[in-house]
Amino acid sequence: MRQALDLSHDQARQRLVAQYDAIPAGEPVRLAKRTSNLFRPRAELSNPGLDVSGLNSVLSVDVEARTADVQGMTTYEDLVDATLPYGLMPYVVPQLKTITLGGAVTGLGIESSSFRNGLPHESVREMEILTGDGQIVIARPDNEYADLFYSFPNSYGTLGYALRIVIDLEPVQPFVHLRHVRFHDLDQLVATIDKITTDRTHDGEDVDFLDGTVFSPEECYLTLGAWKKTAPYSSDYTGSQVYYRSVQNRARDYLTVRDYLWRWDTDWFWCSRAFGAQNRYIRRLWPKRWLRSDVYWKIIRFENKHGVAARINRMRGLPDEERVVQDVEIPLARTADFLRWFLKEIPIEPIWLCPLQLRDTETSRQGWPLYPLAAEERYVNVGFWSTVPIPPDGADGDANKQIESKVAGLGGHKSLYSDAYYSKADFWSAYGGNAYAAIKERFDPARRLPDLYEKVVNRK
């Protein structure tokens, strides 16, 4: 089976190179993917894009070495389905099923294991990359392409595309026991994160997973997960019940490992409420197979293209709205300050919290220049995904610019999957300008791919 998959991979790789070579110089290059988790609108292409449909399989799982050899366009849903039968999973499994492994590595991913396992690219052993100059190279942390290996995370396809990735896996148990711990004070919540990320315990019980939900300054929760071999029951949030509401209503809960990994996908955290999917009458009629983040994303794409809801709001006399869909990394010591500011200035709730610390490995100590987090620092990823009204004297983008300024002032970083408004100087100061320029010159000297600023800020 592995030999057949290798042959198929070689054929898909050759097809992709031929397509890449056939695109005229100066024409934009983009992947033709069925799904995307980017929230940046982008310029339309005149060509169909690179067909990567043959690069979406798990090539092999090595149970003894605890590794998986995976094609770059494989979704985490398929990756998890391939590894769980062996009692293994990726070190970090981002929350949405259709995020691809290549997307999480060339972009960023995070989840509740990140306080102990860091980010997805930290568990990568090697990458097979189609570079901007049309060559295929194998990048590892200890070979002649180490500079590409370290610069690839957060490059968003501007240095090349990952065709195949070898990642480390960790063992799982059948169930995850959840404790939803409420806090009435943001400083106390942050102090508890500090203790848990140090001790990996709380009230005498182990903590293997850690995230949080903030509904208001007086109502916020940490959800503490722990592996369990057995469970008295397991809850199901893939149908009529909404997971994030259980955070408010249940002190303890149990989920199967698979349901835990995808607990946020059914309702795209809480964003499905914007489509009426959490209304109990609508939910009865909504097919269960359509309770998925990629279905909601199709609705968003339709709205972005046609603006139906926006036109209806204008007819009703409602103000235009600015999209504020962001994840930001804030140093743990400044997290309460940021949350207080955000809850006062930006009318969005709930907010997701996900503590993060880079893994203590030689690879991570080398540094990731395009998303430079300090190895000794602990951070909290703060996620907020909604819209805010544009005031009569305001403009679209004002709220996002405020957030960018506040995050930078607190020593944080912003993920680049959504709208960005930085000046060139501020952007390259935060996202590895000198290192990026050198690696871009080496692997894409003809600039066939856009640079990171052009892609992220100018939406190329």
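Reader: How much space lies in the second largest cavity?
Author: About 40 Å³. This is a predicted model.

Reader: Which residues line the second largest cavity?
Author: Y76, P90, Y91, V92, L101, P120, S123 and I167.

Reader: How does that lining divide into nonpolar, polar and charged?
Author: Seven residues are nonpolar and one is polar.

Reader: OK, what volume does the largest cavity have?
Author: About 50 Å³.

Reader: And what is it lined by?
Author: The largest cavity is lined by S235, D236, Y237, T238, L255, D259, W262, R263 and T266. By class, that makes three nonpolar, three polar and three charged residues.

Reader: How many cavities are there of 30 Å³ or more?
Author: The count is two.

Reader: Switching topic. What does the secondary structure come to?
Author: The protein has 17 helices and 18 strands.

Reader: What radius of gyration does the protein have, and what would a compact globule have?
Author: The protein has 22 Å. A compact globule with 460 residues would be near 23 Å, so the two agree.

Reader: What box do the C-alpha atoms fill?
Author: Roughly 60 × 55 × 45 Å, along the principal axes.

Reader: How many of the 460 residues count as buried?
Author: 55% of them.

Reader: What about the accessible surface?
Author: That comes to about 19,800 Å² for the protein. Carbon and sulfur atoms hold 49% of this surface.

Reader: Last one. Among contacts between residues at least 6 apart in sequence, how many join residues at least 24 apart?
Author: 73% of those contacts do.

Terms used:
Residues numbered from 1 in each chain as written. Predicted model: local features only at pLDDT ≥ 70, side-chain atom pairs only at ≥ 80, totals over all residues. Heavy atoms only, no water. 1 Å grid on protein atoms, 1.4 Å probe; cavity = no way out; pocket = protein on both sides within 12 Å on 5 of 7 lines; lining within 4 Å. Points joined across faces, edges and corners; volume = space filled by probe spheres on them. Nonpolar A, V, L, I, M, F, W, Y, C, P; charged D, E, K, R; others polar. Helix = DSSP H or I, 4+ residues; strand = E, 2+ residues; numbered from the N terminus. Rg over C-alpha atoms; globule rule 2.2 N^0.38 Å. Buried < 20%, exposed > 50% of the residue type's maximum accessible area, 1.4 Å probe, protein only. Contact = heavy atoms within 4.5 Å. Areas by Shrake-Rupley, 256 points an atom, 1.4 Å probe, with all protein chains shown as cover.
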